[in-house]
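Hello,

Here is the structure I said I would pass on. Please open it first; my notes follow below it.

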Amino acid sequence: MIDSASLLAVLPELTLTAGGLILMLVAAFGGDNSARLVNWLAVLVLIGAGLALPCSLAHGPDAFDGLMRADAFSAFAKGLIYVAAAAAILLAPRFFSVGGRPRPEYPVLILFAAIGMGMMVSAGDLLTLYVGLEMNSLASYVLASFMRQDERSSEAGLKYFVLGSLASGILLYGSALLYGFTGTTAFDGIAVAMGDGVSKGELFGLVFLLSGLAFKISAVPFHMWTPDVYEGAPTPVTAFFGSAPKVAAIGLTVRVAIEALGPAGLDWQQIVIFVALASILFGAVAAIGQTNIKRLMAYSSINNVGFALVGLAAGTPAGAAATMSYMAIYVVMTIGGFACILQMRDADGKPIEAIASLAGLSQSRKGLAAALAIFMFSMAGIPPLFGFWAKFLVFDAAVASGLTALAAFGIAMSVIGAFYYLKIIKTMYFDEPTISFEAKGGAVENVILTACAVVILLGYLLNPVLDQASAAAAASLF
(Lines give C-alpha, C1' and ligand atoms only; values in the text may rest on other atoms or scores of the structure.)
Protein backbone atom coordinates (compact mmCIF):
# COMPACT_ATOMS: atom_id res chain seq x y z
CA MET A 1 0.00 0.00 0.00
CA ILE A 2 1.34 3.44 -0.96
CA ASP A 3 0.61 6.15 1.55
CA SER A 4 2.17 9.46 2.56
CA ALA A 5 4.13 7.85 5.42
CA SER A 6 5.72 5.35 3.01
CA LEU A 7 6.62 8.08 0.54
CA LEU A 8 8.17 10.10 3.34
CA ALA A 9 10.20 7.05 4.39
CA VAL A 10 11.80 6.90 0.92
CA LEU A 11 12.24 10.67 0.59
CA PRO A 12 16.04 10.34 0.09
CA GLU A 13 15.49 7.92 -2.81
CA LEU A 14 12.80 10.17 -4.30
CA THR A 15 15.19 13.14 -4.04
CA LEU A 16 17.92 11.20 -5.85
CA THR A 17 15.49 9.95 -8.49
CA ALA A 18 14.15 13.41 -9.28
CA GLY A 19 17.64 14.91 -9.25
CA GLY A 20 19.04 12.15 -11.47
CA LEU A 21 16.28 12.48 -14.07
CA ILE A 22 16.56 16.27 -14.19
CA LEU A 23 20.35 16.16 -14.50
CA MET A 24 20.08 13.53 -17.23
CA LEU A 25 18.00 16.02 -19.24
CA VAL A 26 20.50 18.80 -18.50
CA ALA A 27 23.31 16.53 -19.72
CA ALA A 28 21.36 15.57 -22.85
CA PHE A 29 20.62 19.15 -23.87
CA GLY A 30 23.84 20.74 -22.61
CA GLY A 31 26.28 18.15 -23.93
CA ASP A 32 29.82 17.81 -22.57
CA ASN A 33 29.95 21.54 -21.84
CA SER A 34 27.45 20.99 -19.01
CA ALA A 35 29.72 18.51 -17.19
CA ARG A 36 30.97 20.97 -14.57
CA LEU A 37 27.44 22.22 -13.80
CA VAL A 38 26.03 18.68 -13.61
CA ASN A 39 28.87 17.65 -11.28
CA TRP A 40 28.14 20.33 -8.72
CA LEU A 41 24.36 19.92 -9.01
CA ALA A 42 24.77 16.17 -8.41
CA VAL A 43 26.68 16.92 -5.20
CA LEU A 44 23.85 19.26 -4.14
CA VAL A 45 21.31 16.47 -4.85
CA LEU A 46 23.30 14.10 -2.61
CA ILE A 47 23.36 16.76 0.11
CA GLY A 48 19.60 17.13 -0.29
CA ALA A 49 19.16 13.37 0.06
CA GLY A 50 21.28 13.45 3.20
CA LEU A 51 19.17 16.25 4.67
CA ALA A 52 16.05 14.18 3.92
CA LEU A 53 17.26 11.28 6.08
CA PRO A 54 15.82 12.64 9.38
CA CYS A 55 12.45 13.15 7.67
CA SER A 56 12.46 9.52 6.50
CA LEU A 57 12.68 8.33 10.13
CA ALA A 58 9.63 10.29 11.28
CA HIS A 59 6.89 7.71 10.70
CA GLY A 60 8.25 4.41 11.97
CA PRO A 61 10.59 1.85 10.41
CA ASP A 62 8.30 0.03 7.96
CA ALA A 63 7.26 1.38 4.56
CA PHE A 64 5.27 -0.18 1.71
CA ASP A 65 3.99 -3.00 3.94
CA GLY A 66 7.49 -3.99 5.07
CA LEU A 67 9.22 -3.91 1.68
CA MET A 68 11.44 -1.06 2.89
CA ARG A 69 12.89 -0.12 6.27
CA ALA A 70 13.48 3.48 7.34
CA ASP A 71 15.40 3.00 10.58
CA ALA A 72 18.59 4.20 12.25
CA PHE A 73 20.61 1.48 10.52
CA SER A 74 19.58 2.51 7.02
CA ALA A 75 20.10 6.19 7.84
CA PHE A 76 23.64 5.51 9.12
CA ALA A 77 24.57 3.50 6.03
CA LYS A 78 22.97 5.98 3.60
CA GLY A 79 24.87 8.85 5.19
CA LEU A 80 28.16 7.06 4.49
CA ILE A 81 27.04 6.19 0.95
CA TYR A 82 26.14 9.77 0.09
CA VAL A 83 29.43 11.14 1.46
CA ALA A 84 31.43 8.58 -0.53
CA ALA A 85 29.39 9.21 -3.70
CA ALA A 86 29.89 12.99 -3.42
CA ALA A 87 33.65 12.50 -2.98
CA ALA A 88 33.78 10.24 -6.06
CA ILE A 89 32.00 12.93 -8.10
CA LEU A 90 34.27 15.74 -6.89
CA LEU A 91 37.45 13.74 -7.57
CA ALA A 92 36.51 12.92 -11.16
CA PRO A 93 36.68 16.10 -13.35
CA ARG A 94 40.44 16.58 -13.24
CA PHE A 95 41.06 12.91 -14.02
CA PHE A 96 38.72 12.80 -17.02
CA SER A 97 40.00 16.14 -18.36
CA VAL A 98 43.36 14.52 -19.29
CA GLY A 99 43.15 13.52 -22.95
CA GLY A 100 39.53 14.61 -23.30
CA ARG A 101 36.68 16.43 -21.63
CA PRO A 102 34.67 15.44 -18.51
CA ARG A 103 31.42 13.68 -19.31
CA PRO A 104 28.16 14.77 -17.60
CA GLU A 105 26.87 11.18 -17.57
CA TYR A 106 29.33 10.22 -14.82
CA PRO A 107 27.64 12.01 -11.88
CA VAL A 108 24.20 10.92 -13.14
CA LEU A 109 25.29 7.28 -13.03
CA ILE A 110 26.62 7.82 -9.51
CA LEU A 111 23.22 9.17 -8.44
CA PHE A 112 21.36 6.18 -9.90
CA ALA A 113 23.82 3.81 -8.23
CA ALA A 114 23.17 5.64 -4.94
CA ILE A 115 19.42 5.00 -5.32
CA GLY A 116 20.11 1.27 -5.65
CA MET A 117 22.46 1.30 -2.66
CA GLY A 118 19.86 3.12 -0.58
CA MET A 119 17.32 0.42 -1.43
CA MET A 120 19.84 -2.26 -0.50
CA VAL A 121 20.44 -1.02 3.04
CA SER A 122 16.70 -0.31 3.52
CA ALA A 123 15.49 -3.65 2.17
CA GLY A 124 12.97 -5.54 4.28
CA ASP A 125 12.14 -8.11 1.62
CA LEU A 126 14.10 -10.29 -0.79
CA LEU A 127 12.41 -8.57 -3.74
CA THR A 128 13.52 -5.11 -2.62
CA LEU A 129 16.98 -6.50 -1.94
CA TYR A 130 17.30 -7.80 -5.51
CA VAL A 131 15.88 -4.69 -7.20
CA GLY A 132 18.20 -2.38 -5.24
CA LEU A 133 21.21 -4.56 -5.83
CA GLU A 134 20.59 -4.76 -9.59
CA MET A 135 20.00 -1.02 -9.90
CA ASN A 136 23.35 -0.39 -8.26
CA SER A 137 25.04 -3.08 -10.36
CA LEU A 138 23.74 -1.84 -13.73
CA ALA A 139 25.10 1.65 -13.08
CA SER A 140 28.37 0.16 -11.80
CA TYR A 141 28.92 -1.91 -14.96
CA VAL A 142 28.73 1.25 -17.07
CA LEU A 143 30.99 3.18 -14.67
CA ALA A 144 33.67 0.47 -14.80
CA SER A 145 33.85 0.75 -18.60
CA PHE A 146 33.31 4.51 -18.67
CA MET A 147 36.53 5.25 -20.61
CA ARG A 148 35.52 3.50 -23.80
CA GLN A 149 38.78 4.32 -25.58
CA ASP A 150 40.77 2.54 -22.85
CA GLU A 151 41.08 -1.24 -23.34
CA ARG A 152 41.62 -1.84 -19.63
CA SER A 153 38.41 0.01 -18.75
CA SER A 154 36.37 -1.90 -21.33
CA GLU A 155 37.84 -5.18 -20.09
CA ALA A 156 37.05 -4.25 -16.48
CA GLY A 157 33.44 -3.45 -17.35
CA LEU A 158 32.99 -6.72 -19.27
CA LYS A 159 34.51 -8.83 -16.48
CA TYR A 160 32.44 -7.06 -13.87
CA PHE A 161 29.28 -7.57 -15.91
CA VAL A 162 29.84 -11.29 -16.58
CA LEU A 163 30.84 -12.19 -13.03
CA GLY A 164 28.27 -9.83 -11.53
CA SER A 165 25.52 -11.49 -13.56
CA LEU A 166 26.67 -14.90 -12.30
CA ALA A 167 26.58 -13.66 -8.70
CA SER A 168 23.13 -12.16 -9.22
CA GLY A 169 21.91 -15.51 -10.51
CA ILE A 170 23.32 -17.29 -7.46
CA LEU A 171 21.67 -14.76 -5.15
CA LEU A 172 18.36 -15.03 -7.00
CA TYR A 173 18.48 -18.82 -6.77
CA GLY A 174 19.09 -18.59 -3.01
CA SER A 175 16.17 -16.17 -2.69
CA ALA A 176 13.93 -18.57 -4.65
CA LEU A 177 14.91 -21.45 -2.37
CA LEU A 178 14.17 -19.43 0.74
CA TYR A 179 10.82 -18.40 -0.67
CA GLY A 180 9.99 -21.97 -1.62
CA PHE A 181 10.78 -23.41 1.80
CA THR A 182 9.56 -20.54 4.01
CA GLY A 183 6.59 -19.38 1.93
CA THR A 184 7.54 -15.70 2.09
CA THR A 185 10.07 -13.21 0.81
CA ALA A 186 9.74 -10.85 3.80
CA PHE A 187 12.69 -10.83 6.18
CA ASP A 188 10.39 -11.03 9.21
CA GLY A 189 8.49 -13.97 7.72
CA ILE A 190 11.70 -15.84 6.90
CA ALA A 191 12.89 -15.37 10.48
CA VAL A 192 9.58 -16.73 11.84
CA ALA A 193 9.78 -19.78 9.55
CA MET A 194 13.36 -20.51 10.61
CA GLY A 195 12.42 -20.15 14.27
CA ASP A 196 11.02 -23.69 14.18
CA GLY A 197 14.33 -25.09 12.95
CA VAL A 198 16.33 -24.80 9.74
CA SER A 199 15.43 -27.38 7.10
CA LYS A 200 17.91 -28.57 4.49
CA GLY A 201 16.15 -26.53 1.81
CA GLU A 202 16.35 -23.37 3.91
CA LEU A 203 20.00 -24.09 4.62
CA PHE A 204 20.78 -24.37 0.90
CA GLY A 205 18.93 -21.11 0.27
CA LEU A 206 20.89 -19.44 3.06
CA VAL A 207 24.20 -20.61 1.57
CA PHE A 208 23.35 -19.42 -1.95
CA LEU A 209 22.07 -16.07 -0.66
CA LEU A 210 25.21 -15.42 1.36
CA SER A 211 27.37 -16.53 -1.59
CA GLY A 212 25.76 -13.90 -3.81
CA LEU A 213 26.27 -11.24 -1.15
CA ALA A 214 29.91 -12.34 -0.68
CA PHE A 215 30.53 -11.48 -4.33
CA LYS A 216 29.12 -8.00 -3.85
CA ILE A 217 31.43 -7.32 -0.91
CA SER A 218 34.37 -8.95 -2.78
CA ALA A 219 34.98 -11.51 -0.04
CA VAL A 220 36.97 -14.71 -0.61
CA PRO A 221 36.22 -17.02 -2.44
CA PHE A 222 34.14 -14.64 -4.59
CA HIS A 223 36.81 -11.96 -4.89
CA MET A 224 38.20 -12.82 -8.32
CA TRP A 225 36.79 -9.74 -10.08
CA THR A 226 38.17 -7.18 -7.65
CA PRO A 227 41.86 -6.72 -8.69
CA ASP A 228 41.11 -6.54 -12.42
CA VAL A 229 38.15 -4.16 -12.03
CA TYR A 230 40.01 -1.92 -9.58
CA GLU A 231 42.99 -1.68 -11.93
CA GLY A 232 41.06 -1.27 -15.17
CA ALA A 233 38.33 1.11 -14.07
CA PRO A 234 39.04 4.88 -14.08
CA THR A 235 40.61 5.84 -10.74
CA PRO A 236 37.65 7.97 -9.50
CA VAL A 237 35.38 5.01 -10.28
CA THR A 238 37.72 2.72 -8.35
CA ALA A 239 37.52 5.13 -5.41
CA PHE A 240 33.73 4.89 -5.66
CA PHE A 241 33.76 1.07 -5.86
CA GLY A 242 36.05 0.89 -2.84
CA SER A 243 33.79 2.98 -0.63
CA ALA A 244 30.03 3.46 -1.26
CA PRO A 245 29.10 0.02 -2.73
CA LYS A 246 31.18 -1.65 -0.01
CA VAL A 247 29.12 0.11 2.68
CA ALA A 248 25.87 -0.84 0.91
CA ALA A 249 26.85 -4.50 0.47
CA ILE A 250 28.16 -4.88 4.02
CA GLY A 251 25.06 -3.10 5.39
CA LEU A 252 22.78 -5.38 3.36
CA THR A 253 24.66 -8.47 4.56
CA VAL A 254 24.36 -7.38 8.18
CA ARG A 255 20.63 -6.70 7.82
CA VAL A 256 19.93 -10.02 6.09
CA ALA A 257 21.97 -11.98 8.64
CA ILE A 258 20.36 -10.36 11.67
CA GLU A 259 16.78 -9.74 10.55
CA ALA A 260 16.06 -12.55 8.09
CA LEU A 261 18.47 -15.30 9.17
CA GLY A 262 18.67 -14.48 12.87
CA PRO A 263 17.21 -17.80 14.14
CA ALA A 264 19.76 -19.65 11.94
CA GLY A 265 22.62 -17.85 13.64
CA LEU A 266 24.72 -20.96 14.23
CA ASP A 267 24.50 -21.83 10.52
CA TRP A 268 25.36 -18.47 8.97
CA GLN A 269 27.91 -17.69 11.67
CA GLN A 270 30.10 -20.58 10.48
CA ILE A 271 29.96 -19.28 6.91
CA VAL A 272 30.79 -15.71 7.96
CA ILE A 273 33.71 -16.90 10.11
CA PHE A 274 35.17 -18.87 7.19
CA VAL A 275 34.72 -16.00 4.75
CA ALA A 276 36.28 -13.56 7.24
CA LEU A 277 39.29 -15.82 7.86
CA ALA A 278 39.85 -16.49 4.16
CA SER A 279 39.50 -12.82 3.19
CA ILE A 280 41.89 -11.61 5.90
CA LEU A 281 44.51 -14.23 4.98
CA PHE A 282 44.24 -13.89 1.20
CA GLY A 283 44.10 -10.10 1.25
CA ALA A 284 47.19 -9.93 3.45
CA VAL A 285 49.30 -12.40 1.46
CA ALA A 286 48.23 -11.66 -2.13
CA ALA A 287 48.97 -7.93 -1.86
CA ILE A 288 52.63 -8.42 -0.98
CA GLY A 289 53.86 -8.94 -4.55
CA GLN A 290 51.76 -6.22 -6.22
CA THR A 291 53.48 -3.48 -8.22
CA ASN A 292 50.35 -1.53 -9.22
CA ILE A 293 48.93 0.59 -6.40
CA LYS A 294 45.31 0.17 -7.56
CA ARG A 295 45.65 -3.63 -7.51
CA LEU A 296 47.22 -3.34 -4.07
CA MET A 297 44.21 -1.32 -2.90
CA ALA A 298 41.96 -4.06 -4.31
CA TYR A 299 43.63 -6.71 -2.16
CA SER A 300 43.58 -4.27 0.74
CA SER A 301 39.79 -3.96 0.33
CA ILE A 302 39.44 -7.76 0.43
CA ASN A 303 41.51 -7.79 3.61
CA ASN A 304 39.42 -5.03 5.19
CA VAL A 305 36.14 -6.74 4.31
CA GLY A 306 37.41 -9.74 6.26
CA PHE A 307 38.04 -7.57 9.31
CA ALA A 308 34.58 -5.99 9.01
CA LEU A 309 32.99 -9.46 8.90
CA VAL A 310 34.68 -10.34 12.20
CA GLY A 311 32.21 -7.99 13.86
CA LEU A 312 29.25 -9.58 12.06
CA ALA A 313 30.47 -13.07 13.04
CA ALA A 314 29.93 -12.10 16.67
CA GLY A 315 26.21 -11.89 15.94
CA THR A 316 25.62 -9.38 18.74
CA PRO A 317 24.49 -5.73 18.79
CA ALA A 318 28.05 -4.76 19.74
CA GLY A 319 29.39 -6.75 16.79
CA ALA A 320 26.99 -5.13 14.30
CA ALA A 321 27.85 -1.69 15.70
CA ALA A 322 31.57 -2.47 15.39
CA THR A 323 31.10 -3.51 11.75
CA MET A 324 29.35 -0.26 10.86
CA SER A 325 31.93 1.82 12.74
CA TYR A 326 34.64 -0.06 10.84
CA MET A 327 32.98 0.78 7.53
CA ALA A 328 32.68 4.47 8.47
CA ILE A 329 36.41 4.68 9.21
CA TYR A 330 37.27 2.55 6.17
CA VAL A 331 35.38 4.92 3.86
CA VAL A 332 37.46 7.86 5.08
CA MET A 333 40.73 5.94 4.62
CA THR A 334 39.75 4.73 1.16
CA ILE A 335 38.63 8.12 -0.16
CA GLY A 336 41.77 9.77 1.25
CA GLY A 337 44.01 7.07 -0.21
CA PHE A 338 42.51 7.40 -3.68
CA ALA A 339 42.66 11.20 -3.50
CA CYS A 340 46.42 10.69 -3.07
CA ILE A 341 46.59 8.15 -5.91
CA LEU A 342 44.83 10.62 -8.22
CA GLN A 343 47.75 13.01 -7.68
CA MET A 344 50.24 10.44 -8.95
CA ARG A 345 50.85 12.16 -12.30
CA ASP A 346 53.91 12.73 -14.43
CA ALA A 347 55.03 16.14 -15.69
CA ASP A 348 52.53 15.89 -18.58
CA GLY A 349 49.63 15.25 -16.21
CA LYS A 350 49.18 11.59 -17.19
CA PRO A 351 48.21 9.19 -14.36
CA ILE A 352 50.87 6.85 -12.97
CA GLU A 353 49.98 3.71 -11.03
CA ALA A 354 53.31 1.97 -10.39
CA ILE A 355 54.29 1.79 -6.72
CA ALA A 356 57.93 2.22 -7.74
CA SER A 357 57.10 5.68 -9.09
CA LEU A 358 56.51 6.83 -5.50
CA ALA A 359 60.25 6.63 -4.83
CA GLY A 360 61.53 9.85 -3.33
CA LEU A 361 58.06 11.41 -3.15
CA SER A 362 58.87 12.77 0.31
CA GLN A 363 61.44 15.07 -1.31
CA SER A 364 59.33 16.47 -4.16
CA ARG A 365 55.81 16.44 -2.65
CA LYS A 366 56.18 16.44 1.13
CA GLY A 367 52.49 17.06 1.87
CA LEU A 368 51.28 14.31 -0.48
CA ALA A 369 53.79 11.83 0.95
CA ALA A 370 52.76 12.66 4.52
CA ALA A 371 49.04 12.27 3.71
CA LEU A 372 49.57 8.94 1.94
CA ALA A 373 51.71 7.73 4.86
CA ILE A 374 48.90 8.60 7.28
CA PHE A 375 46.37 6.56 5.29
CA MET A 376 48.74 3.59 4.90
CA PHE A 377 49.60 3.56 8.62
CA SER A 378 45.90 3.80 9.46
CA MET A 379 44.96 0.91 7.14
CA ALA A 380 47.69 -1.13 8.78
CA GLY A 381 46.03 -0.46 12.14
CA ILE A 382 48.93 1.43 13.70
CA PRO A 383 47.92 3.40 16.83
CA PRO A 384 47.05 6.16 17.52
CA LEU A 385 45.49 6.56 14.07
CA PHE A 386 41.76 5.98 13.59
CA GLY A 387 42.27 2.74 11.66
CA PHE A 388 43.53 1.12 14.86
CA TRP A 389 40.25 1.91 16.59
CA ALA A 390 38.28 0.26 13.76
CA LYS A 391 40.17 -3.02 14.21
CA PHE A 392 40.01 -2.80 17.99
CA LEU A 393 36.20 -2.54 17.90
CA VAL A 394 35.65 -5.68 15.80
CA PHE A 395 38.22 -7.70 17.74
CA ASP A 396 36.71 -6.60 21.04
CA ALA A 397 33.22 -7.64 19.88
CA ALA A 398 34.56 -11.03 18.73
CA VAL A 399 36.30 -11.70 22.05
CA ALA A 400 33.20 -10.66 24.00
CA SER A 401 31.12 -13.22 22.08
CA GLY A 402 33.62 -16.04 22.65
CA LEU A 403 35.40 -15.89 19.26
CA THR A 404 38.84 -15.36 20.79
CA ALA A 405 40.61 -17.57 18.23
CA LEU A 406 39.11 -15.55 15.35
CA ALA A 407 40.26 -12.30 16.94
CA ALA A 408 43.76 -13.72 17.56
CA PHE A 409 44.00 -14.82 13.92
CA GLY A 410 42.91 -11.38 12.75
CA ILE A 411 45.53 -9.68 14.93
CA ALA A 412 48.27 -11.97 13.59
CA MET A 413 47.23 -11.30 9.98
CA SER A 414 47.25 -7.55 10.70
CA VAL A 415 50.99 -7.85 11.22
CA ILE A 416 51.44 -9.56 7.84
CA GLY A 417 49.17 -7.06 6.13
CA ALA A 418 51.15 -4.18 7.60
CA PHE A 419 54.12 -5.24 5.45
CA TYR A 420 52.74 -3.99 2.13
CA TYR A 421 51.47 -0.74 3.63
CA LEU A 422 54.89 -0.09 5.16
CA LYS A 423 56.52 -0.96 1.82
CA ILE A 424 54.78 2.04 0.25
CA ILE A 425 55.99 4.31 3.05
CA LYS A 426 59.52 2.94 2.72
CA THR A 427 59.42 3.61 -1.04
CA MET A 428 58.32 7.22 -0.53
CA TYR A 429 60.80 8.10 2.21
CA PHE A 430 63.89 5.95 1.67
CA ASP A 431 64.18 5.07 -2.05
CA GLU A 432 65.98 7.25 -4.56
CA PRO A 433 63.67 9.33 -6.81
CA THR A 434 62.94 7.86 -10.24
CA ILE A 435 60.51 10.23 -11.99
CA SER A 436 59.20 13.68 -11.22
CA PHE A 437 55.57 14.01 -10.22
CA GLU A 438 53.43 16.95 -11.23
CA ALA A 439 54.48 19.95 -9.14
CA LYS A 440 51.02 20.72 -7.80
CA GLY A 441 47.86 18.71 -7.19
CA GLY A 442 44.28 19.66 -7.87
CA ALA A 443 42.58 21.97 -5.39
CA VAL A 444 39.57 19.68 -4.81
CA GLU A 445 41.82 16.64 -4.36
CA ASN A 446 43.94 18.54 -1.85
CA VAL A 447 40.89 19.61 0.17
CA ILE A 448 39.45 16.09 0.25
CA LEU A 449 42.69 14.33 1.19
CA THR A 450 43.47 16.98 3.82
CA ALA A 451 40.03 16.59 5.37
CA CYS A 452 40.37 12.79 5.39
CA ALA A 453 43.87 12.99 6.91
CA VAL A 454 42.62 15.27 9.69
CA VAL A 455 39.79 12.83 10.48
CA ILE A 456 42.24 9.91 10.61
CA LEU A 457 44.62 11.86 12.86
CA LEU A 458 42.02 13.35 15.21
CA GLY A 459 39.27 10.77 14.80
CA TYR A 460 39.28 9.81 18.45
CA LEU A 461 37.58 13.12 19.16
CA LEU A 462 34.66 11.80 17.10
CA ASN A 463 34.42 8.54 19.04
CA PRO A 464 31.44 9.55 21.22
CA VAL A 465 29.42 10.54 18.14
CA LEU A 466 30.48 7.51 16.07
CA ASP A 467 29.90 5.03 18.89
CA GLN A 468 26.46 6.44 19.67
CA ALA A 469 25.40 6.48 16.02
CA SER A 470 26.64 2.94 15.29
CA ALA A 471 25.09 1.60 18.51
CA ALA A 472 21.72 3.14 17.61
CA ALA A 473 22.00 1.71 14.07
CA ALA A 474 22.75 -1.79 15.39
CA ALA A 475 20.01 -1.60 18.03
CA SER A 476 17.38 -0.98 15.35
CA LEU A 477 18.14 -4.42 13.88
CA PHE A 478 17.67 -6.42 17.07
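**Salt bridges**

Glu259 and Arg255 sit four residues apart in helix α14, so about one helical turn separates them. Their side chains meet in a salt bridge, at 3.0 Å from N to O. Both Glu259 and Arg255 are buried. Please keep in mind that this is a predicted model.

Glu259 has another partner. It forms a salt bridge with Arg69, with the closest N and O atoms 3.4 Å apart. Glu259 belongs to helix α14 (residues 244–260) and Arg69 to strand β2 (residues 68–69), so this pair ties together parts that are 190 residues apart in sequence. Glu259 has a relative accessible area of 10%, so it is buried. Arg69 is buried too, at 6%.

Lys78 and Glu13 also pair through their side chains, at 2.9 Å from N to O. Lys78 is in helix α5 (residues 72–90) and Glu13 in helix α2 (residues 11–30), so the bridge ties together parts that are 65 residues apart in sequence. Lys78 has 2% relative accessibility and therefore counts as buried. Glu13 counts as buried because its relative accessibility is 6%.

How many salt bridges does the structure hold? The total is 14. Opposite charges on side chains can pair when the charged atoms come close. One network, joined by salt bridges that share partners, takes in Arg152, Glu155, Lys159, Asp228, Glu231, Lys294, Arg295 and Glu353.

**Nonpolar cores**

The largest nonpolar core has 167 residues. Within this core, Phe240, Phe241, Leu261 and Leu309 have the most contacts. Helix α17 (residues 317–341) gives the most to this core, with 16 residues. In soluble globular proteins, nonpolar side chains tend to be buried together.

What does Phe241 contact, leaving aside its neighbours within four places in sequence? The list is Ser140, Leu143, Ala144, Tyr160, Val229, Tyr230, Ala233 and Lys246.

**Packing of helices**

Ala397 is in helix α20 (residues 386–400). Its relative accessibility is 5%, so Ala397 counts as buried. Not counting residues up to four places away in sequence, Ala397 touches Ala314, Ala318, Gly319 and Ala322. Take Ala322: it is 75 residues from Ala397 in sequence, yet the C-alpha atoms are 7.0 Å apart.

Asn303 is in helix α16. Is Asn303 buried or exposed? Asn303 is buried, because its relative accessible area is 3%. With residues up to four places away in sequence not counted, Asn303 touches Ser279, Ile280, Gly283, Ala284 and Tyr420.

Helix α7 (residues 105–122) is mostly covered, with 17 of its 18 residues buried. Its length agrees with expectation: at 1.5 Å a residue, the 18 residues should span 26 Å, and the end C-alpha atoms are 26 Å apart.

Leu281, Val285, Ile288, Ile416 and Phe419 make a nonpolar surface patch of about 390 Å². The elements giving two or more residues to this patch are α15 (265–286) and α21 (404–430). Ile288 is in the loop between α15 and α16 (293–314). Ile288 has 30% relative accessibility, so it counts as partly exposed.

**Backbone points to check**

Most residues other than glycine have a negative phi, and most peptide bonds are trans. Which peptide bonds are listed here as cis? One runs from Val220 to Pro221, with omega near 10°. Pro221 is in the loop between α11 (200–216) and α12 (226–232). Another runs from Pro383 to Pro384, also with omega near 10°. Pro384 is in the loop between α19 (366–380) and α20.

Ser218 is not a glycine, yet its phi is positive, at about 55°. Ser218 is in the loop between α11 and α12. Its relative accessible area is 0%, so Ser218 is buried.

Best regards

Conventions. Residues numbered from 1 in each chain as written. Predicted model: local features only at pLDDT ≥ 70, side-chain atom pairs only at ≥ 80, totals over all residues. Heavy atoms only, no water. Patch = residues over 30% accessible without salt bridge, like charges linked within 9 Å, V, L, I, M, F, W, Y side chains within 5 Å. Areas by Shrake-Rupley, 256 points an atom, 1.4 Å probe, with all protein chains shown as cover. Salt bridge = Lys/Arg side-chain N within 4 Å of Asp/Glu carboxyl O. Buried < 20%, exposed > 50% of the residue type's maximum accessible area, 1.4 Å probe, protein only. Core = buried A, V, L, I, M, F, W, Y, C linked by side-chain atoms within 4.5 Å. Contact = heavy atoms within 4.5 Å. Expected span 1.5 Å × (residues − 1).
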